[in-house]
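Subject: Structure handover

Hello,

Here is the structure I promised to pass on. Please open it and keep it in view while you read my notes.

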Amino acid sequence: DVITIDMPFSLRLDRIPDISLIAAIMSGPILLVGISDQQEWIHFTINPNNLDRTVIPTPKPLEFVSHGIKLVPMFQAHHHRYHSYFFIKDANVKSGF
């Protein structure tokens with residue numbers, strides 16, 4: 001007997017309740033973190049209704065790139081400096097941060 005389970009993960013933003021400009025990037029239930037030594041907030045301009053256009057998958061499973069920042073599951077980033085939350089500017093809104 002073989003049981004096959006298909007669990008497609010979709011990209012989504014998980015916003016902080018009180019500050020809608022700050023969000024984590026999730027792939028299904030998995031938190032994606034940005035590998036970076038940068039000490040300031042990382043700013044992304046993203047269309048929240050179509051994350052697939054700016055959060056691009058790499059050939060590796062659960063690895064993405066957005067705005068030159070590699071995004072990986074948090075459980076794979078334990079030997080790196082990383083960011084869990086990002087300033088998110090909606091690409092559909094014509095205003096600054």
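Two residues are in contact when heavy atoms of theirs lie within 4.5 Å. Keep that in mind for serine 27. Setting aside neighbours within four places in sequence, serine 27 is in contact with Phe9, Ser10, Leu11, Leu32, Leu62 and Phe64. One caution before going on: this is a predicted model.

**The whole chain**

The protein chain has zero helices and nine strands. Read from the N terminus, the order of elements is β-β-β-β-β-β-β-β-β. The C-alpha trace spans about 55 × 30 × 25 Å along its principal axes. There are 97 residues in the chain, and 36% of them are buried. The accessible surface comes to about 6,700 Å². Carbon and sulfur atoms hold 54% of that surface. Residues 24 or more positions apart account for 59% of them.

Is serine 27 buried or exposed? Its relative accessible area is 3%, so serine 27 is buried, as the cut-off for buried is under 20%. Its bridge partner in S3 is isoleucine 30. S2 and S3 pair in the antiparallel sense, over three bridges. They form a hairpin with two residues between them. Look at glycine 28 in that turn: its phi is positive, at about 60°.

**S3 and its other partners**

Strand S3 covers residues 30-35. S3 also pairs with S7, in the antiparallel sense, over four bridges. Valine 33 stands opposite valine 72 in S7. Glycine 34 stands opposite leucine 71 in S7. Strand S8 (residues 82-83) pairs with S3 too, antiparallel, over two bridges. There, glycine 34 stands opposite histidine 83 in S8. Find glycine 34 in the model and look at leucine 71 and histidine 83.

**S6 and S7**

How many bridges join S6 to S7? Three bridges do, and the two strands run antiparallel. Serine 66 has isoleucine 69 in S7 as its bridge partner. S6 and S7 form a hairpin with two residues between them. Histidine 67 sits in the turn and has a positive phi of about 55°. S7 is mostly covered, with four of its five residues buried.

**S9 and its neighbours**

Alanine 23 has phenylalanine 86 in S9 as its bridge partner. S4 joins S9 through four bridges, and these two strands run parallel. Isoleucine 46 stands opposite aspartate 90 in S9.

**The core**

The largest nonpolar core has 15 residues. Those with the most contacts inside it are Ile25, Phe44, Ile46, Leu71, Phe86 and Ile88. What does phenylalanine 86 touch, leaving aside neighbours within four places in sequence? Its contacts are Leu21, Ile22, Ala23, Ile25, Leu32, Val33, Gly34, Trp41, Ile42, Phe44 and Leu71.

**A loop and a patch**

Threonine 58 lies in the loop between strand S5 (56-57) and strand S6 (64-66). Its relative accessibility is 19%, so threonine 58 counts as buried. Remember that the cut-off is under 20%. Not counting residues up to four places away in sequence, threonine 58 touches Glu63, Phe64 and Val65.

Now go to the segment before S1, where methionine 7 lies. Methionine 7 has 58% relative accessibility, so it counts as exposed. The cut-off here is over 50%. Methionine 7 forms a nonpolar patch on the surface with Ile3, Ile5 and Phe9. Together these residues have about 490 Å² of accessible area.

Best wishes

Technical notes. Residues numbered from 1 in each chain as written. Predicted model: local features only at pLDDT ≥ 70, side-chain atom pairs only at ≥ 80, totals over all residues. Heavy atoms only, no water. Core = buried A, V, L, I, M, F, W, Y, C linked by side-chain atoms within 4.5 Å. Buried < 20%, exposed > 50% of the residue type's maximum accessible area, 1.4 Å probe, protein only. Pairing = 2+ DSSP bridges. Patch = residues over 30% accessible without salt bridge, like charges linked within 9 Å, V, L, I, M, F, W, Y side chains within 5 Å. Areas by Shrake-Rupley, 256 points an atom, 1.4 Å probe, with all protein chains shown as cover. Salt bridge = Lys/Arg side-chain N within 4 Å of Asp/Glu carboxyl O.
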